[in-house]
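Reader: Hi, I'm new to this one and would like a slow walk through it. Could you show it to me before we start?

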There are 2 protein chains.
Amino acid sequence: MSARAARSDRAPGRRPPGRRPLDRRPLDLESRLTQDHHDSLRLWLRLLTCSNLIQVRVRKAMASRFNTTLPRFDLMAQLERAPEGLQMGELSRRMLVTGGNVTGIADQLEHAGLVVRAADPHDRRAYRIKLTREGRRVFEQMAIEHERWIVGMFEGLNARDKRAMNELLSRLRVCLRQGEE
Amino acid sequence: MSARAARSDRAPGRRPPGRRPLDRRPLDLESRLTQDHHDSLRLWLRLLTCSNLIQVRVRKAMASRFNTTLPRFDLMAQLERAPEGLQMGELSRRMLVTGGNVTGIADQLEHAGLVVRAADPHDRRAYRIKLTREGRRVFEQMAIEHERWIVGMFEGLNARDKRAMNELLSRLRVCLRQGEE
DNA sequence: TCTGGATATTTTAGACTTCAAATATTGACA
DNA sequence: TGTCAATATTTGAAGTCTAAAATATCCAGA
């Protein structure tokens with residue numbers, strides 16, 4: 001995943017604590033618009049940087065500790081929440097990746113005996129993909145450590161920070177989904 | 001990748017005041033720990049989802065509008081901020097990707113005439129990669145629209161929300177970077 | 001029943017990405 | 001000067017990912 005502009009999202013200069021009080025003079029309209037644009041862009045770059053930093057660390061930990069990859073873990077995590085199994089298409093929608101991609105990852109997991117494709121009784125076009133018992137066992141071990149890694153990375157935020165961020169991200173996600181076609 | 005330095009596992013001054021000082025009551029401790037774990041994990045998944053939703057949309061827009069990819073745009077964005085050019089290694093550190101990856105993307109951009117590799121006068125091992133005049137022209141067009149897309153996607157958050165999120169992400173980034181080896 | 005558009009999945013080609021190995025050069029030090 | 005670990009980059013193999021085409025099936029309507 002690309003790490004856009006990782007270095008560019010630094011605060012341009014530390015703004016003193018006294019926050020500028022929404023200047024209403026018309027001349028400032030343009031500068032406020034510009035400011036707002038830059039705020040959005042900087043916010044995006046910061047969001048992306050954090051996301052990438054975390055992903056890099058999780059990926060390396062997954063590789064060194066369990067000799068597996070993030071996509072495989074993600075796929076198994078989706079299945080773990082759906083004990084009755086999922087269709088490939090539903091899986092690809094939930095993972096935000098293309099169907100072809102899911103096919104490849106599922107192939108590997110199936111080959112490793114961690115998932116199975118079962119024919120869908122109601123639709124002969126579709127498979128129902130599920131964790132095997134072994135897959136569930138393996139996933140549980142991974143999930144425990146994965147959670148520990150994540151918790152460690154978010155230690156710098158206290159409970160109130162986390163709640164605030166959760167709330168903000170939740171609102172962002174809602175409007176992102178609305179804008180989808 | 002990148003960041004050497006500060007190998008402190010714990011954020012030095014940032015211990016939040018409400019830090020639980022080893023609550024001994026077993027039931028409470030466990031439930032709070034569990035809650036906290038849950039919060040961190042959910043926060044991470046939400047962060048990742050937002051980041052992916054935005055990336056998917058930007059990628060598609062880049063493809064349909066400019067027939068290019070996100071990594072190429074990212075690379076050009078880095079160069080645009082470094083008029084004197086960058087070494088491949090510096091580029092890869094800033095983009096948070098491996099050197100081999102940068103090689104491939106740079107090859108394509110060079111082939112398209114958008115960047116050039118110039119020998120570094122001080123170090124014959126290194127190249128200095130720069131935007132060509134054409135590359136700069138093309139990038140500027142892309143950057144304008146890219147910013148417009150981003151601004152549109154963050155429209156659901158008001159200025160105060162953005163400031164709050166920026167601040168939180170900034171703190172998160174700091175401790176993520178500190179934890180790097 | 002037949003037809004045709006929609007849906008579920010796989011396949012294919014090509015781009016992105018990592019890690020590790022290979023190559024070339026630097027710089028410090030004996 | 002010669003050596004050797006460090007640095008800058010590329011290469012190669014394998015996994016991940018997308019878009020688009022191909023295949024198979026479903027289902028609604030004539």
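Predicted model: local features only at pLDDT ≥ 70, side-chain atom pairs only at ≥ 80, totals over all residues.

Reader: Which residues come nearest to DNA strand C?

Author: Of the 28 residues around DNA strand C, the ones that come nearest are A:Gly89, A:Thr103, A:Arg125, B:Thr69 and B:Gln108.

Reader: And which helix gives the most to that surface?

Author: That is α4(B), which gives four residues to the surface near DNA strand C. At least two residues each are supplied by α1 (27–66), α3 and α4 of chain A, together with α2 (70–80) and α4 (99–111) of chain B.

Reader: What part of the DNA strand C atoms within 4 Å of the protein belong to sugar or phosphate, and what part to bases?

Author: Of those atoms, 79% belong to sugar or phosphate, and the rest belong to bases. Some individual phosphate contacts can be named as well: a polar side-chain atom of B:Thr69 lies 2.6 Å from a phosphate oxygen of DNA strand C, while for A:Arg117 the corresponding distance to a phosphate oxygen is 3.1 Å and for B:Arg72 it is 3.2 Å.

Reader: Changing topic, at what angle do α3 and α4 of chain A pack?

Author: Helix α3 (residues 88–95) and helix α4 (residues 99–111) of chain A pack at an angle of about 105°, and their axes are 9 Å apart. Because angles of 65 to 115 degrees count as roughly perpendicular, α3(A) is roughly perpendicular to α4(A).

Reader: Which residues meet there?

Author: From α3(A), the residues A:Met88, A:Leu91, A:Ser92 and A:Met95 meet A:Gly99, A:Val102, A:Thr103 and A:Ala106 of α4(A). By class, this contact has five nonpolar, three polar and no charged residues.

Reader: What about B:Ser40, is it buried or exposed?

Author: B:Ser40, which is found in helix α1 (residues 26–66) of chain B, is buried, because its relative accessible area is 0%. Leaving aside neighbours within four places in sequence, B:Ser40 is in contact with A:Ile150, A:Val151, A:Phe154 and A:Lys162.

Note on methods. Residues numbered from 1 in each chain as written. Chains lettered and ligands numbered in written order. Heavy atoms only, no water. Axes fitted to C-alpha atoms, helices over the stretch in contact; angles between N-to-C directions. Parallel < 35°, antiparallel > 145°, perpendicular 65-115°, else oblique. Contact = heavy atoms within 4.5 Å. Nonpolar A, V, L, I, M, F, W, Y, C, P; charged D, E, K, R; others polar. Buried < 20%, exposed > 50% of the residue type's maximum accessible area, 1.4 Å probe, protein only. Near = heavy atom within 4 Å. Polar contact = N/O pair within 3.5 Å; in protein donor to acceptor, adjacent residues only side chain to side chain.
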